[in-house]
Amino acid sequence: MASDAIDPQLLDRLAEVAVQVGLNLQDGQDLVLTAPVEALPLVRRIAAEAYRAGAGTFTPILSDGQITLARFENAKDESFDRAPDWLYQGMAKAYEAGAARMAIVGEDPMLLSEQDPEKVSRAGKANSIAYKPALEKISNFEINWSIVSYPTVAWAKRVFPDLPEDEAVGKLADAIFAASRADQPDPVAAWEAHNAALRKRRDWLNEQRFSALHFTGGGTDLTVGLADDHEWSGGASEANNGVVCNPNIPTEEVFTTPHAARVDGVVRATKPLSHQGSLIENIEMRFEGGKVVEAKASRGEAVLQKLIDTDEGARRLGEVALVPNGSPISASGLLFYNTLYDENAACHIAMGQCYSKCFINGGELSEDEVAAKGGNSSMIHVDWMIGGPETDIDGIKPDGTRVPVFRKGEWA
């Protein structure tokens with residue numbers, strides 16, 4: 001059994017990190033969790049940890065790669081324009097009632113790579129439309145939520161294709177435990193120290209009040225205007241329900257909201273993007289007035305084009321994030337084919353929906369007020385990596401003064 005390659009003690013610690021650091025689950029709070037069925041060993045540990053923390057109810061929703069494939073191989077054409085909106089409406093209702101949200105990721109990143117991209121795109125779009133009521137509660141940070149990972153066989157074999165199954169799972173598990181700080185003697189204390197370091201970066205950026213960031217290096221020459229009254233976030237953050245949580249386990253980034261109409265120049269990806277079972281390589285985009293006017297990729301270009309055609313906001317940015325090239329995930333030298341990890345190895349931008357939390361008093365702003373300040377709205381939020389050892393970033397102040405932020409991929 002490949003699961004025998006995973007240290008049970010470290011899996012216990014990962015569950016502890018997920019509930020105590022990731023969610024900071026409150027006494028009496030319900031928890032809704034989604035996970036691949038293969039992650040049941042971690043799901044069960046999180047359930048126990050959640051109930052020890054005082055959870056009201058714990059509701060797991062499990063997915064399975066073979067069932068997903070069964071749809072693409074057998075379903076009628078009209079199936080691909082449908083999604084279980086009743087399920088997402090129920091999740092939205094749970095969040096409205098105060099439930100926390102956790103996702104365990106570990107699905108085969110290339111599961112749908114051999115399927116018809118048109119059907120993959122249609123199914124993804126239908127799902128995005130149905131999911132929006134629940135996603136808005138998350139992207140607006142109305143609740144405490146978090147994402148962690150589990151080393152499934154399919155994912156491990158993508159990352160370590162030349163190793164036997166057990167060995168691949170063991171190596172991926174070790175990488176997950178290290179990145180999540182579950183391999184530390186006291187992982188909760190290790191996270192406190194890490195969050196303090198991220199908070200220091202975040203506070204400095206907020207003090208600077210830059211109006212734009214200028215990225216250069218590796219074929220990129222991109223000016224990202226920042227939204228009016230933007231606020232940098234990173235590490236532990238307070239959700240609108242008053243709970244301080246870590247939405248991403250692991251995390252190495254500080255991030256904020258770009259201005260949807262003030263992005264100009266050319267940007268090149270520094271890592272492949274794994275999206276809906278397809279690998280998109282060597283992305284290059286040109287922005288004018290905030291909008292993508294040209295996009296290409298050496299592989300997966302059809303998937304990329306469909307992605308940015310999802311809706312009007314899909315061609316504009318919803319996030320810009322700074323990650324030093326020396327981050328532990330980057331230093332591992334691994335391509336994880338998983339955005340949660342790969343985005344924490346490099347500076348990145350996200351197409352689509354912005355985080356309304358990344359504004360001064362963001363929790364009190366209406367959708368119209370967020371839009372008026374430059375925040376983008378879309379059914380998608382897809383991160384891709386643009387930073388590396390050649391990346392230089394200057395912060396530009398409203399009077400045109402330039403301040404070094406990154407040099408050669410590291411904090412200046």
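**Exercise 1: around α7**

Work out which elements the buried residues of α7 pack against.

*Solution.* Step 1: the buried residues of α7 pack against α1, β4 (145–149), α6, α8, α10 (328–331) and α11. Contact here means heavy atoms within 4.5 Å. Buried means under 20% relative accessible area, exposed means over 50%, and partly exposed is in between, using a 1.4 Å probe and protein chains only. Helices (H or I, at least four residues) and strands (E, at least two) are DSSP runs numbered from the N terminus.

A quick note before going on: this is a predicted model, in which local features need pLDDT of at least 70 and side-chain atom pairs count only at pLDDT 80 or more, while totals for chains, interfaces and linings use all residues. Residues are numbered from 1 along each chain as its sequence is written, and side-chain values use heavy atoms, with hydrogens and water left out.

Step 1: list the buried residues of α7, which are A168, V169, G170, L172, A173, A175, I176, F177 and A179.

Step 2: check the span. With 15 residues, α7 reaches 21 Å from its first C-alpha to its last, close to the 21 Å expected at 1.5 Å a residue. That expected span is 1.5 Å times one less than the number of residues.

Step 3: R181 follows α7 and has a positive phi, near 65 degrees. R181 also lies over the face of W191, at 5.3 Å from the ring centre. A charge counts as sitting over a ring if NZ of Lys or CZ of Arg is within 6 Å of the ring centre and within 35 degrees of the ring normal.

**Exercise 2: ring pairs**

Describe how the rings of W204 and F210 are arranged.

*Solution.* Step 1: a pair of aromatic rings is described by the distance of the centres and the angle of the planes. Rings of Phe, Tyr and Trp (its six-membered ring) pair if their centres lie within 6.5 Å; planes under 30 degrees apart are stacked, over 60 edge-to-face, and the rest tilted.

Step 1: the whole structure holds eight aromatic pairs. W204 and F210 form one that is edge-to-face, at 6.1 Å centre to centre with 70 degrees between the planes.

Step 2: compare the surroundings. W204 is partly exposed, with a relative accessible area of 29%, whereas F210 is buried at 1%.

Step 3: elsewhere, ring pairs link W155, F336 and Y341 into a cluster.

**Exercise 3: along β14**

*Solution.* Step 1: place the strand. Eight strands form an open, antiparallel sheet in the order β15-β14-β11-β6-β5-β19-β20-β21. Two strands pair if DSSP finds at least two bridges between them.

Step 1: find the partners. Five bridges join β14 (residues 284–288) to antiparallel β15 (residues 291–296), and E288 stands opposite K291. On the β11 side, four bridges join β14 to β11 (residues 258–268), with R268 opposite E284 and G265 opposite F287.

Step 2: finish at the turn. β14 and β15 form a hairpin with two residues between them, and G289 in the turn has a positive phi of about 55 degrees.
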